[in-house]
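The points are grouped by topic.

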Amino acid sequence: EEGEEVNPDTVPVKIADKAVEAVLSGIPAYRSNVFEKFLNELLQSGLTISPEIGERAKSFFDEQKAEVVAETIAKLTSGELKPVPLEQMYPDLKEAPNNEYIKRPAGLKISVLRDQFAQYIVQKNEEKVLSSLKQLKAIDFVSPPMIAQGLELFRTTENMEAAEWCYNEFKETCKDAILDTPKILGYATLLVKNKRLDEALNIINESAALTDNENVSRGVKARVRNLLEAATEYEDPDAVKKIFDFLKNKNYNCFDSFSLGPLVKTHVQKNNIQKAMEVFEQLCAEYKCTPYKNVLATALIDAEDANSLQKLTDLCTEIHGESNALVDLALLFLEAGRPVQAKKILDTSGIYISNARITQSIKHFDAINRVDCLEMMTNVFRGVLRIDRPHLYSALLEIFASKNDWQRGFALWTEMQENDVQPTSYFLNTLSDLLKKNKQKVPFVADGKSEEKNERGSRQRTQLVIQEAFRKALENRDWERAEEMIDMDAKNTRTSALLHAMLIRACSRAGDIDRATQLVKKVLKMNGRMPRQTFTLFCYELLEQGKPQVIQEIGNLLDEPTKFDLGYYKILSKMEIDNNGLKKFIENFDFDGVQGRTTEVKIHFGSLTHALINDPTLVDDFEKWAKNLAENKGIERGMHALWNYYFIKNSTKAEVLYNQYVAKANSPLIVPIIEHCVENKDALLLKKLDLLLKSHPKLDYNAKARLTNAMLDIHNALGEYDEGLRVLQEATKQVRIANFRTDVLRKLKQGLEAEGKSLPFNVNSGD
């Protein structure tokens, strides 16, 4: 406290308590091992904490871990510990020449010099930063962090001479300190840019090995990419390969599509497309990623090398899936000025295009100023069935509105009317504002006001009335009335497909599986396909009611592409695991018949996790099976299932598996965890998952929506409607409200209204 005499050999309990509270407030639950180390450090230092803080510390751990740390916490709260003097805990401090607590030069205002240095760093004043460092060195008061800051500044400004001074000074005067990996790679990159390749390799060679966390760090990956990128400026393309091989020998395993791009780029730059393809194929096989694929594909399109382009597409399909590979290829053809080929790819493949991919491609064409591509996108995507078409038009309108281009914006609305695409209220309001801004008439309903009535607008409102009556029929379980209303508007195939899916889902959830089966057969005979989620829900209900034979009957109506599209084989896999058990599944698995991605999509990995939960005695056998599948067949989904199991069990093994297999996966398996949390109303475990995945670089919008849906399910079940609303408001900053399940939104709405509150979203319109 202020005015109290400080005794370095005693530390008040309240100070130690504050330290523990500070750590507890900032550390995530899954880093319990770090908190355990911190408690051990306190014990070694002889510090004491209060019993209240001891209880808080103990409650941080899961039940099993709490038993392990119980003895440590008991000692910390016993009041019998004596603080260990600082010099005894850290004997190196006595000899540290640069430590201001041990050696403070008299008559100099060190704090002023350090404040000035910090200002110069922020201002990026190279001359002043170097001058300050030399001045501080002259009085023997420069510290490792300050030299490292200077080195980082001079790296970014590419001041080779000053950076070299900092690096040499650090090596000479800070022998007990270690430069972090990003700074070492950054300085090595600067050396490579200055044609000092061998020196760069020597510096990396002298550095410490990467930690597990660094090997999955995006910062380290970016620095590796920059290092390899710098080498592409050499006339000899082998310079890139030399650095790459050197990093591999240093046990760097942080390679992905982003960091490996220069290995392909260096050959594309030299116009050696054949060599670029060879390198690309090798990297695909070894790292399961597709570096520099878009530029390479563009070069193949320009060269009209159809065979190599097909090979590239096959490789991308194996790694990213058919939909992603074909969408990428189609967009590259569009960018190359070949919209006919682009449309042909999309029309014949029956693929799915996510909202995130739509937005990304639109922003890309805008960034490179290709308005012609933006104008052609709606036509190119016209034959795609599995696409959020209103989102496509809204995303395009955002671009045109930002440029105040009301003509192109209005043309979008006209096209939507011609193609019977229902605009969202967001689209109409945005276009209305754009037209008004340019003093143009608004020929549609926006914000409840109409400036010009027309026949089509009247028809749209009639459709909304029909859909509302349809919803009421579903709520009353009047299946016949609902089906009659669908048949009344049978000519509108898009609406008919949507309403049939809603009816099938309603029948399945109500347990009327016979009616649902009739409808599924009807829809498949009419359209040849149906929404995958609806099909999955229907099949799960069949399994629940013990009617697996019906699933096989349905399978006879499907061709092979549709079976894969609907996840039919995955349903059969679930049947096998549920009926025969995990042990037999592992014993009977045909490793010789594994065919990469084709086999992977046939296995229901979520059922494997649930089987492990039901019979934990099979964990060791399962881990051997999953490792075999990952290491020898390149399918890591089994290790994802094992991570799900350990995460649910709150085991420390989960963190290791996550870092090794899940953190860099294109599509992490999370559904088993989510299902477990919803079933057990475990909001805490679900929040832990959400926190862990926030930093995942490849988590798509569907996964984020699924997490939010589950959290809303739990809060609705617990009657925590205010908390549910808070979760929803936070989620809609990233994901459109239309991506969330209507049933959970309605329950949230009803719960809030019962408490005299309201849901500030339109549940029915999706806006």
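The structure is a predicted model. The protein contains 45 helices and 4 strands, and buried residues account for 46% of its 767 residues.

**Overall architecture**

- The accessible surface of the protein amounts to about 39,900 Å², and carbon and sulfur atoms contribute 47% of that surface.
- Of the contacts between residues at least 6 apart in sequence, 65% connect residues at least 24 apart.

**Helix pair α31 and α32**

- Helix α31 (residues 532-544) and helix α32 (residues 548-555) have axes that come within 7 Å and cross at roughly 145°.
- On the α31 side, the contact is formed by Phe535, Phe538, Cys539, Leu542 and Leu543; α32 supplies Pro548, Val550, Ile551 and Ile554.
- By class, the residues of this contact comprise 9 nonpolar, no polar and no charged.

**Helix pair α38 and α39**

- The axes of helix α38 (residues 619-633) and helix α39 (residues 637-648) come within 8 Å, with a crossing angle of roughly 145°.
- From α38, the contributing residues are Val619, Phe622, Glu623, Trp625, Ala626, Lys627 and Ala630, while α39 contributes Gly638, Met639, Ala641, Leu642, Tyr645 and Tyr646.
- The contact of α38 with α39 has 10 nonpolar, 1 polar and 2 charged residues.

**Helix α42 and its N-terminal cap**

- The N-terminal end of α42 is capped by Asp682, which places a side-chain oxygen 3.4 Å from the backbone nitrogen of Leu684.
- Within α42 (residues 683-693), the buried residues include Ala683, Leu685, Leu686 and Lys688, as well as Leu689, Leu692 and Leu693.

**Buried residues within helices**

- Ser508 lies in helix α29 (residues 493-509). Ser508 counts as buried because its relative accessibility is 1%, under the 20% cut-off.
- Beyond its neighbours within four places in sequence, Ser508 contacts Ile513, Ala516, Leu537, Phe538 and Glu541. Among these partners, Phe538 also takes part in the contact of α31 with α32.
- Leu334 belongs to helix α20 (residues 322-335) and is buried, with a relative accessible area of 0%.
- Apart from neighbours within four places in sequence, the contacts of Leu334 are Pro339, Ala342, Phe365, Arg370, Cys373, Met376, Met377 and Val380.
- Leu334 and Leu374 are separated by 40 residues in sequence, with their C-alpha atoms 9.6 Å apart in space.
- Thr72 is located in helix α4 (residues 63-76).

**A partly exposed helix residue**

- Asp238 is part of helix α15 (residues 238-249) and counts as partly exposed, at 48% relative accessibility.
- The C-alpha atoms of Asp238 and Leu263 are 9.2 Å apart, although the two residues are 25 residues apart along the chain.

**Loop residues with positive phi**

- Most residues other than glycine have a negative phi.
- Lys288 has a positive phi, near 55°, and is placed in the loop between α17 (273-287) and α18 (293-303).
- Lys439, which is not a glycine, likewise has a positive phi, of about 55°. Lys439 sits in the loop between α26 (425-437) and β3 (445-446).
- Are these two lysines buried, partly exposed or exposed? Lys288 counts as partly exposed because its relative accessibility is 41%, between the 20% and 50% limits. Lys439 is exposed because its relative accessible area is 75%, over the 50% limit.

Terms used
Residues are numbered from 1 along each chain as its sequence is written. This is a predicted model: local features need pLDDT of at least 70, side-chain atom pairs count only at pLDDT 80 or more; totals for chains, interfaces and linings use all residues. Side-chain values use heavy atoms; hydrogens and water are left out. Helices (H or I, at least four residues) and strands (E, at least two) are DSSP runs, numbered from the N terminus. Buried means under 20% relative accessible area, exposed over 50%, partly exposed in between (1.4 Å probe, protein chains only). Contact means heavy atoms within 4.5 Å. Accessible areas come from the Shrake-Rupley method with a 1.4 Å probe; for residues, only the protein chains shown count as cover. Axes are lines fitted to C-alpha atoms, for helices over the stretch in contact, and angles run from 0 to 180 degrees between N-to-C directions. Ala, Val, Leu, Ile, Met, Phe, Trp, Tyr, Cys and Pro count as nonpolar, Asp, Glu, Lys and Arg as charged, and the others, Gly among them, as polar. A polar contact is a pair of N or O atoms within 3.5 Å; within protein, one must be able to donate a hydrogen and the other to accept it, and residues adjacent in sequence count only if both atoms are side-chain atoms.
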